[in-house]
Amino acid sequence: MSNVIEIEHMNKFYGQFQALSDINMTVEQGEVVVILGPSGSGKSTLIRCINLLEAYQDGDVRVADQRVENGPKLAGIRCEVGMVFQNFNLYPHLTVLANVALAPVRVRGMSRRDAQVRARALLEKVGMAAHADKYPSQLSGGQQQRVAIARTMAMEPRVILFDEPTSALDPEMVGEVLDVMQSLARSGVTMIVVTHEMGFARKVADRVIFMENGRIIEQNNPQDFFTAPQEPRTQAFLQAILHH
Amino acid sequence: MELLDTFFNWDVFVDAFPLMLRGLGVTVLLGVVSIILGLVGGLLLAMLRLYGYAPIRWFSRAYIDVMRSIPLLVLLVLIYYALPFVGIRLSSFAAAAAALSLVSCAYSAEIFRSGIEAIPRGQFEASASQGMSFFNTMRDVILPQAMRIVMPPMTSNCINVMKDTALASVVAMPDLLKQATQAQALSANPTPLVGAAVMYLLLLLPMVQLVSWVERRNAAGGKRA
Ligand SMILES: Nc1ncnc2c1ncn2[C@@H]1O[C@H](COP(=O)(O)OP(=O)(O)OP(=O)(O)O)[C@@H](O)[C@H]1O
Ligand SMILES: [Mg+2]
């Protein structure tokens with residue numbers, strides 16, 4: 001199996017404060033990895049280092065065997081690493097269709113026509129085809145997030161990073177987004193998902209990673225992770241979450 | 001009736017009108033040229049001020065502060081009367097356009113900067129995460145949104161440039177004010193001056209009203225894209 005992402009001995013500092021300590025992890029092609037951990041444990045920071053939205057100081061992050069670092073290759077690497085944000089970050093001045101079609105035209109050099117045809121197909125996949133000509137502000141949160149997922153898919157990245165994609169949603173909209181993510185996972189898309197949705201982690205993840213204080217404490221398949229956590233800190237975290 | 005005859009003398013006005021109309025043309029041309037140069041230069045300057053290497057950032061900032069501090073009339077006189085001593089001899093139109101746009105681009109740079117800084121970080125991040133270049137991010141994502149925000153202050157700035165074109169009469173440019181003062185001297189009657197004032201108003205009042213209209217619409221319309 002080929003590794004899409006390899007992280008070795010990575011440290012990340014905000015000034016004096018060490019946000020990530022000695023991170024080592026790999027993600028294989030087609031794998032779905034869920035990252036859990038308490039607030040402030042460094043989950044967002046970790047996945048934002050993978051596409052260099054945050055700079056790391058030591059160690060290596062590689063995507064498809066290319067080191068992620070500033071330089072002429074960065075844009076090319078970012079094409080291979082999609083990201084879905086907690087607050088969607090759709091382009092508010094563009095229609096739904098234009099949101100999805102923009103980057104393929106500008107970055108992949110696709111013709112506008114082809115990009116729009118594909119954008120429609122992707123919107124169909126996430127159940128948003130009927131809203132192609134609306135603006136983001138005319139959509140509900142769940143709908144916006146589904147468009148954001150389609151926008152990310154449009155670049156055909158090797159891996160998609162999700163940073164709490166359902167945390168900004170009203171409860172009744174969480175399901176529709178999780179459904180889309182689950183069908184992506186089924187179709188073989190490589191995903192790293194930061195979430196508090198334990199149901200999703202159990203059902204969809206191939207592997208669960210638990211973080212605390214900027215470190216990876218434990219990782220395992222979801223079955224063993226949830227039923228037989230090894231580390232006391234993992235046990236405490238699961239206790240707190242599952243008995244709420 | 002003596003008052004009417006003095007300030008609103010029809011014969012004097014009719015005599016002066018053709019030249020004043022030509023002056024109005026010069027005023028509008030000067031205004032438009034300076035506004036365009038100021039906008040283009042301002043956008044460039046804002047980019048350097050925000051994203052240039054440190055020395056360039058520092059230099060842009062110094063330029064902006066200097067140009068916003070120096071009185072426009074002083075700059076104009078410097079360009080027109082002092083530069084010839086180093087061999088740079090500009091026509092009155094070129095000197096006025098240079099002074100106006102040098103100052104106006106400093107103001108528009110600050111306006112553009114405030115607009116760009118008002119765009120949420122998530123927009124930059126979304127664009128970067130898709131592998132978009134700096135140029136594409138600016139052109140397709142950031143600037144279209146920033147333009148909407150800066151529309152009212154930018155229009156105000158353009159109105160100021162248009163108003164300040166009247167200073168060009170100091171360097172003997174045959175603009176509206178200059179033509180009016182000459183006609184007034186010739187006819188020994190202030191009617192051309194009143195006429196010029198009215199023409200300035202006709203030119204600028206609609207622009208001022210446009211700004212209030214845009215501001216009111218923005219306040220009412222909220223965030224709708
Ligand atoms: N820009 C920043 N400057 C300084 N410290 C930061 C910055 N961003 C995050 N941190 C700190 O780094 C640590 C990790 O933050 P991070 O956002 O990665 O946590 P998280 O696990 O995603 O938490 P949450 O579940 O609340 O999103 C926190 O202690 C946070 O305060
Ligand atoms: Mg986070």
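Predicted model: local features only at pLDDT ≥ 70, side-chain atom pairs only at ≥ 80, totals over all residues.
Let me open at the ligand. The side chain of A:Ser39 places an N or O atom 2.6 Å from an oxygen atom of ligand 1.

On A:Tyr14, a polar side-chain atom lies 3.4 Å from a nitrogen atom of ligand 1.

The strands concerned are E1, residues 3-14, and E2, residues 17-28, of chain A, which pair in the antiparallel sense over eight bridges. Further along this pairing, A:Met10 stands opposite A:Ile23 in E2(A). The hairpin formed by E1(A) and E2(A) has two residues between the strands, and A:Gly15 takes a positive phi near 60° there.

Strand E4 of chain A, residues 58-63, pairs with E1(A) in the antiparallel sense over five bridges. Within E4(A), A:Asp58 stands opposite A:Asn11. E4(A) in turn pairs with E5(A), again in the antiparallel sense, over two bridges. There, the bridge partner of A:Val63 is A:Gln66 in E5(A).

What is the strand order of the open sheet? In chain A the four strands run E2-E1-E4-E5, with antiparallel pairing. The edges are held by E2 and by strand E5, residues 66-67, of chain A; each has a single partner strand, so one side of each is left without a neighbour in the sheet.

Let me turn to salt bridges. Over all chains, a search of the whole structure finds 20 salt bridges. One of them joins the side chains of A:Glu80 and A:Arg108, at 3.8 Å from N to O. Why does this pair tie together separate parts of chain A? A:Glu80 lies in helix H2, residues 74-80, whereas A:Arg108 lies in the loop between helix H3 (96-106) and helix H4 (112-125), so the pair links parts that are 28 residues apart in sequence.

Now to the second chain. Chain B contains nine helices and zero strands. Its C-alpha atoms fill a box of roughly 75 × 50 × 25 Å along the principal axes.

How much area do chain B and chain A bury between them? The figure is about 1800 Å², with 54% of it on carbon and sulfur atoms. On the chain B side, B:Glu125, B:Ser129 and B:Gln130 lose the most area to chain A, and together they account for 31% of what that side buries. In terms of residues, the contact takes 23 from chain A and 20 from chain B.

Between chain B and chain A the count of salt bridges is two. A salt bridge between the side chains of A:Arg106 and B:Asp140 spans 2.5 Å from N to O. Polar contacts between chain B and chain A amount to eight residue pairs, with both residues at pLDDT 80 or more.

Which elements of chain B give two or more residues to the side that touches chain A? They are helix H6, residues 121-129, and helix H7, residues 134-164. H6(B) gives the most to that side, with eight residues. By class, the residues on the side of chain B that touches chain A divide into six nonpolar, eight polar and six charged.

Methods. Residues numbered from 1 in each chain as written. Chains lettered and ligands numbered in written order. Heavy atoms only, no water. Pairing = 2+ DSSP bridges. Contact = heavy atoms within 4.5 Å. Buried area = accessible area lost by both parts, 1.4 Å probe. Salt bridge = Lys/Arg side-chain N within 4 Å of Asp/Glu carboxyl O. Polar contact = N/O pair within 3.5 Å; in protein donor to acceptor, adjacent residues only side chain to side chain. Nonpolar A, V, L, I, M, F, W, Y, C, P; charged D, E, K, R; others polar.
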